[in-house]
Amino acid sequence: MQPYVTRRATLSTRLAAGVVIVPNTTEIIRNADTTYPFRYDSSFYYLTGFNEPDAVFVQIISEGGTQNILFCRPKDLEREIWDGHRHGPDAARELFGFDAAYSIEELDNKMVGLLQNQPRLHTVYGHNAAWDSRVSGWVNGVRAKVRSGITAPNEITDVRGTLAEMRLFKDEFEIALLRQAGQINSAAHVRAMRFARPGQMEYEVEAEILHDYYRQGSRFPAYSSIVASGANATCLHYGDNNQRMNDGDLLLIDAGCEIGGYASDITRTFPVNGKFSGPQKDVYEITLAAQYAALDVCRAGQSWNAPHEAAVRVLTQGMIDLGLLQGSLDGALESLSYKQFYMHNTGHWMGLDVHDAGAYKIKGEWRNLEAGMVMTVEPGFYIRPAANVPKHFENIGVRIEDDVLITRDGMENLDASCPKTVAEIEAIMAR
């Protein structure tokens, strides 16, 4: 309960007086009457710790104090026989530290009353048309009472910006979960290295990874796994995972688990047959050097973009050294010719969402890294067939990705236990 109570208190200090409303998600139909596995809204969960669908968090901020309210599904013993346990309002209020809790069926009537004479409304706006319409209905319901002296909020703000800035800085509770996710994911990637062999299907390796997640207590991946062999590794978001792996292919695996809602995001690239060829090793070593250069500037006070700039310089020089680009390093950087082989950024924020909340720029300038931020560092090198590409480099795709916590005196690699040097990988696959 404690981290969620603290976060709710922090939120109340960062917003002007009024009413905050943050909805959870609902169950989504996959087909017919079958639903997808439920995943709560990350910002709602960040504030509540409550993981049931069809719930809404309300906070009333005033000079006299703050009131935190939960609306959730009512107890229903018959539905619980079919669908599982529900907390219900009374238990939810006690277990999750709310001042009051009501049935979600009372939401529309209660909100018209709770919004009366409030100066402003902070909610999630512009994300879901049905939610926007519902909120407008509450506000209009209050406005309809204007003749009796009641006023409606005259200012509506999107609360997501404030929540994103809060979520960007991880507390110790979150850091512990992120470390655990990194350990689980690292072990699963090692399992994949030990399992993979020529002749297998990509989805067989994916199954080993998912098995290891479940075995270690991670019930869901943080995103759909990329298990890309051969030319598939040059497609950034390849997801079919249905090709046979051939002797001589590289296998790029971008896969992440989720534990307690928090993601891990690791990419490793290794030879299916256990031994890098000469050209594969050349491309891999350049990519690894680029990652080391990026990791070296992952520290408080550096610009968000500094790791990307460091990685691009190393990658671009490597492209020139391999004969893939011509001319000088500065010329290639200025012309952006390196983007033929490296076309994405070197990282993103990570937390409750694998591409987590938080602004990258402040007033048009890249923000500085600060302690408590968690980010990925993931340079890549993708060589598709082209007129300027020698045959022996064709269809080589490499990406190396780790998750990094910025600390007061440097950084902590949350995936340090996941091997990534050529010698480490070949030794594991030899066993």
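This is a predicted model: local features need pLDDT of at least 70, side-chain atom pairs count only at pLDDT 80 or more; totals for chains, interfaces and linings use all residues.
**Exercise 1. Describe the largest pocket: what is its volume, and which residues lie nearest its centre?**

Solution. Start with the space itself: the volume of the largest pocket is about 1,200 Å³. Next, look at the lining, which is made up of 44 residues. Nearest the centre you will find Thr-25, Arg-39, Tyr-40, Asp-41 and Ser-42. Then sort the lining by class: 22 residues are nonpolar, 13 are polar and 9 are charged. Now trace where the lining comes from. Helix α7 gives the largest share, with 4 residues. Finally, check the domains: domain 1 (1-167) and domain 2 (169-430) each supply at least three residues to the lining of this pocket.

**Exercise 2. How many cavities of 30 Å³ or more are there, and which residues line the largest cavity?**

Solution. First, the count: there is 1 cavity of 30 Å³ or more. The largest cavity holds about 30 Å³ of space. Now find its lining in the structure: Trp-304, Asn-305, Pro-307, His-308, Asn-345, Thr-346, Gly-347 and Met-375. By class, 3 of the lining residues are nonpolar and 5 are polar, while none is charged.

**Exercise 3. At what angle do helices α8 and α13 pack, and is their crossing left-handed or right-handed?**

Solution. Locate α8 at residues 172-195 and α13 at residues 422-430. Their axes are 7 Å apart and meet at an angle of about 60 degrees. Therefore α8 is oblique to α13, since roughly perpendicular covers 65 to 115 degrees and roughly parallel covers angles under 35 degrees.

Note on methods: Residues are numbered from 1 along each chain as its sequence is written. Side-chain values use heavy atoms; hydrogens and water are left out. On a 1 Å grid over the protein atoms alone, a cavity is a set of points where a 1.4 Å probe fits but cannot get out, and a pocket is an open set with protein on both sides within 12 Å along at least five of seven lines; lining residues have an atom within 4 Å of a point. Grid points are joined across faces, edges and corners, and a volume is the space filled by probe spheres set on the points. Helices (H or I, at least four residues) and strands (E, at least two) are DSSP runs, numbered from the N terminus. Ala, Val, Leu, Ile, Met, Phe, Trp, Tyr, Cys and Pro count as nonpolar, Asp, Glu, Lys and Arg as charged, and the others, Gly among them, as polar. Domain bounds come from an automatic or database domain assignment. Axes are lines fitted to C-alpha atoms, for helices over the stretch in contact, and angles run from 0 to 180 degrees between N-to-C directions. Angles under 35 degrees count as roughly parallel, over 145 as roughly antiparallel, 65 to 115 as roughly perpendicular and the rest as oblique.
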